[in-house]
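This report describes a protein chain for a reader who has not seen it before. The sequence and the structure come first, and the description follows.

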Amino acid sequence: MPPNPYPARLHALIARQAMVIRRGPAERVAACLRDMATDRVTLGQWLKGRIYERRAAISPDGRHWIYFAATHKHWEETGGTWTALARVPWLTALNLWAEGDAWSGGGGFMGRHTHWLNGGRGAMTGASRLAVAVAKSPLGAQRNKECLGI
């Protein structure tokens with residue numbers, strides 16, 4: 001059997017724990033948690049879609065993460081793309097912002113209870129289950145509401 005021309009790729013977001021995003025095979029992605037003290041890896045959830053790892057961040061305490069994901073199913077409530085705030089290593093959103101395109105999305109953390117959104121174009125869907133403050137991007141100017149520094 002010939003080698004896979006598109007092997008799985010790993011991306012890590014590191015705080016007190018490491019959030020590992022596994023891309024592949026094909027259009028599937030897995031969210032995993034690596035405990036830095038014990039080196040134990042816990043599988044969170046799989047998504048048939050894409051998580052944009054460069055638009056994701058883990059909170060300083062390692063308990064939550066924010067990510068931008070896409071299935072590109074435009075008929076869904078989110079328009080096919082969304083930013084979510086979830087507990088690691090899960091994909092289930094505590095807070096969800098529908099985006100509808102890939103021009104913005106994702107974000108980062110400024111502290112344990114404060115995060116910022118890349119663009120902030122998305123509208124919060126449903127009820128927020130985690131009370132956190134949303135701040136302005138610390139990375140500088142935005143064009144068309146997208147942070148150019150992310």
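## The four-stranded sheet

An open sheet is built from four strands in the order S1-S2-S3-S4, with antiparallel pairing. Strand S1 (9-14) and strand S4 (41-48) are at the edges with a single partner strand each, so one side of each has no neighbour in the sheet. From one strand to the next, the twist averages 20°. Strands are DSSP runs (E, at least two residues) numbered from the N terminus, and two strands pair if DSSP finds at least two bridges between them.

This is a predicted model, in which local features need pLDDT of at least 70 and side-chain atom pairs count only at pLDDT 80 or more, while totals for chains, interfaces and linings use all residues. Residues are numbered from 1 along each chain as its sequence is written, and side-chain values use heavy atoms, with hydrogens and water left out.

## Strands S2 and S3

Six bridges pair strand S2 (residues 18-23) with strand S3 (residues 28-34) in the antiparallel sense. Met-19 has Leu-33 of S3 as its bridge partner.

Arg-34 also belongs to strand S3. With a relative accessible area of 31%, Arg-34 is partly exposed; buried means under 20% relative accessible area, exposed over 50%, and partly exposed in between (1.4 Å probe, protein chains only). Arg-34 and Pro-89 are 55 residues apart along the chain, and their C-alpha atoms are separated by 9.0 Å.

## The hairpin of S10 and S11

Strand S10 (residues 107-111) runs antiparallel to strand S11 (residues 114-117), and four bridges join them. A hairpin of two residues connects S10 to S11. Gly-107 has its bridge partner in S11, namely Leu-117. S10 is mostly covered, as four of its five residues are buried.

## Glu-99

The loop between strand S9 (93-98) and S10 holds Glu-99. Glu-99 counts as buried because its relative accessibility is 13%. Its side chain makes a polar contact with the side chain of Thr-83 at 3.3 Å. A polar contact here is a pair of N or O atoms within 3.5 Å, one able to donate a hydrogen and the other to accept it.

## The largest pocket

The largest pocket holds about 190 Å³ of space. Of the 14 residues lining this pocket, Glu-27, Lys-48, Gly-49, Arg-50 and Ala-70 are the closest to its centre. A pocket is an open set of points on a 1 Å grid where a 1.4 Å probe fits, with protein on both sides within 12 Å along at least five of seven lines; lining residues have an atom within 4 Å of a point.

Definitions and conventions:
Axes are lines fitted to C-alpha atoms, for helices over the stretch in contact, and angles run from 0 to 180 degrees between N-to-C directions. Grid points are joined across faces, edges and corners, and a volume is the space filled by probe spheres set on the points.
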